[in-house]
Amino acid sequence: MFKRPYRKRIYRKKATILFVQIINRNLGDQVIADNTEYLVRQALSRLSSQHYVIQHYDIASEDFELAKQADLMIFDGGGLVKYRQEEFHRFVPDLLELAQQCSIPVFFNSVGVEGYDGGDARCVRLAQALNYDCVKGISVRDDIETLRRDYLPSCPGKAVPAIDPAVFTPQTYGIEKDKDAKVIGLGIVRCRIFEDYGIPEVTREFQLELWQGIAKKLEELGYAWQFFVNGLRSDYDFALEVLHFMGREAHADTLLAPRPVQSSQLVRTIASYQGIIACRMHANIIAYALGIASVGLVWNEKMVFWGERIGTPERFLTSGQFKPSLIIQCLTDSMAQGVAPCPRALKNSVQKPLKKFIRQYGAAAWKKNRSQHLKKPSGWSGRLVAAALGGISMRYSNMNTPEGLFGALEGGFLLFEADLRLTNEEQEPKLVCVNGWSKGTLEKLGADPQQYPKGMDYDTFMKCRLYGSYATMDAAQLFARMREVQGDWKLILDIGKPKKETLAQMIVQLQALCEEGFDWNGHLLLRLQSKYDVEAVQEAALPMQPMYYIPPRQVREEKNLALDAIGKFCKKRGITWVSMPKEALDEEVMAALKKHKLKSCLFSYNRYTDIQMALAMGVDWVATSYLTVKELEGWYEPGYTIVIR
């Protein structure tokens with residue numbers, strides 16, 4: 001008789017890797033993040049990827065209640081060790097203090113170092129934080145000597161040299177250079193960046209003349225050229241200004257690449273060039289990774305370090321060399337010499353330290369049962385509202401686009417909010433999905449605000465692309481899409497503060513939309529901001545629940561609006577839902593809502609910390625642009641059972 005082998009069942013919670021990244025519209029930072037995540041997943045695949053969950057975290061969000069639940073923390077890279085520009089001297093120490101308190105191992109991946117000043121309190125605090133025990137390793141893409149000598153004098157071995165992770169761009173995106181490319185890419189940067197970084201002689205006027213001279217010289221040599229940017233609006237605006245200065249603005253469609261909104265778009269744009277001259281560092285790094293010759297116009301020492309790191313310092317020119325003929329000669333020489341592939345040793349310099357950290361501290365994290373974890377609320381899909389149909393990539397919001405709605409559906413939402421406004425035709429205006437006709441909205445649409453003081457006509461609006469990329473949508477398309485959504489979903493419609501005549505036109509169109517072969521009862525809510533609007537909508541018998549508006553305290557005081565009077569009006573009109581901006585949220589408001597048995601929807605929060613606070617105060621729904629249902633549910637990713645025989 002055989003003895004049954006010993007078996008032991010162990011339940012393990014998945015370990016959470018907090019992936020800390022810089023979120024902005026300079027897509028060079030997103031390229032860093034994408035490449036680093038690629039390397040992290042490569043490392044996990046050699047362990048057991050089922051043991052881990054990667055959660056993305058905006059370094060500037062200060063969402064500490066979420067961050068402290070992580071098991072590992074990885075800063076994805078970029079120029080984080082600096083104190084003069086931006087706010088990383090505050091964001092980094094704050095996160096490291098939390099990691100130290102919660103015993104979360106931290107790794108900095110291929111970061112940039114920009115100077116040291118022991119007399120600057122910002123720099124001193126950053127240095128102190130980098131010496132915490134929780135920081136297990138730092139790989140450095142540029143000035144490692146300053147980091148070791150000044151920031152880490154007692155533990156210099158904590159820092160190791162590395163290449164920028166963007167050298168893995170072809171593998172990360174699956175994009176290769178166009179071998180038949182004939183166009184030279186000219187990467188523009190905002191006009192004041194040189195002056196901001198201590199190069200006063202490179203003024204706006206200097207750059208206008210410089211770019212004009214470069215373009216003219218290229219044409220003399222028979223090259224086609226095109227301006228491009230890394231994504232920032234300020235860079236794009238200056239590129240338009242350069243074209244205007246050159247008298248070539250009429251040809252902007254061909255002489256200026258579309259402003260990219262996704263990192264893959266930036267990579268594809270650069271991959272389409274034969275060579276580039278660029279100010280942004282990661283335009284040059286992407287080109288290098290793709291095997292495209294580039295010349296960098298230096299405004300920051302990090303570009304000099306990069307040129308030295310890859311063995312071509314002569315291709316990175318400083319301000320004294322900013323002459324069209326010299327720049328073009330450098331480019332043609334570089335294209336003739338070609339680009340040597342990134343050596344395996346350099347790629348290993350960023351890959352190995354990251355892999356070592358994950359294997360050493362990741363394995364320890366998932367083997368232990370952490371006592372601290374998020375308390376799971378009851379159903380995020382019944383709490384979170386996708387504001388303006390959902391934001392995109394943690395960067396773009398308030399757009400009301402089909403792509404945003406698709407992302408919200410993929411993100412697990414069942415509650416949605418959309419903005420509706422009428423187009424400006426005198427006869428038969430149409431309802432479209434747009435958050436008003438403000439200057440900001442028109443600029444997102446790529447339109448001149450002075451040209452559309454009263455909004456756009458329907459045909460013009462429907463041809464627009466938000467940020468040059470995302471399609472617009474009308475109310476009919478929105479309703480058609482929502483009819484296809486499964487489950488007990490809700491759609492909140494925001495019509496703003498329309499004039500009486502405008503409201504009447506809106507009601508007629510909403511009635512027509514609600515007659516199209518679907519039972520809308522129970523699915524639709526309508527945000528209304530005046531008693532007249534409520535009465536008009538209820539008289540029209542639209543199949544929508546009114547959602548009355550509670551303004552902030554200051555507005556209530558200015559208009560002599562008492563909370564009790566609002567509650568009584570809602571009871572009189574049979575209203576059970578109210579909406580309010582986050583500025584209105586306080587204990588007095590929540591007490592009044594409880595007294596009058598009103599449910600509330602708050603607009604809007606993008607931090608878990610704030611959302612939890614609002615829910616704890618009694619708010620029923622919270623609108624958000626960037627968090628998703630699936631993302632928050634991911635923090636409660638089910639564990640698994642290990643059977644040991």
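Predicted model: local features only at pLDDT ≥ 70, side-chain atom pairs only at ≥ 80, totals over all residues.
Start with strand β9, residues 183-187. Four of its five residues are buried, so the rest of the structure largely encloses this strand.

β9 pairs in parallel with β10 (residues 224-228) through five bridges, and it also runs parallel to β11 (residues 275-278), this time with four bridges. G185 shows up in both pairings: its bridge partner in β10 is Q226, while in β11 it stands opposite I276.

## Ring pairs

The model has 22 aromatic pairs. One of them is Y197 with W299, an edge-to-face pair at 4.8 Å centre to centre with 70° between the planes. These two come from distant parts of the chain, 102 residues apart: Y197 is in the loop between α7 and α8, and W299 is in the loop between β12 and α13. Y197 counts as partly exposed, at 23% relative accessibility, whereas W299 is buried at 5%.

Then there's Y548 with F569, whose ring centres are 5.1 Å apart; their planes meet at 45°, so this pair is tilted. Y548 belongs to strand β21 and F569 to helix α23, so the contact ties together parts that are 21 residues apart in sequence. Y548 is buried, with a relative accessible area of 8%, and F569 is buried with 8% too.

## A cluster, and charges over rings

F479, W489, F518 and W520 make up one aromatic cluster.

Rings also meet charged side chains here. K500 has its charged end over the ring of Y532, 4.8 Å from the centre, and R527 lies over the face of F603, at 3.8 Å from the ring centre.

How values were computed. Residues numbered from 1 in each chain as written. Heavy atoms only, no water. Buried < 20%, exposed > 50% of the residue type's maximum accessible area, 1.4 Å probe, protein only. Pairing = 2+ DSSP bridges. Phe/Tyr/Trp six-rings, centres within 6.5 Å; stacked < 30°, edge-to-face > 60°. Lys NZ or Arg CZ within 6 Å of the ring centre and 35° of its normal.
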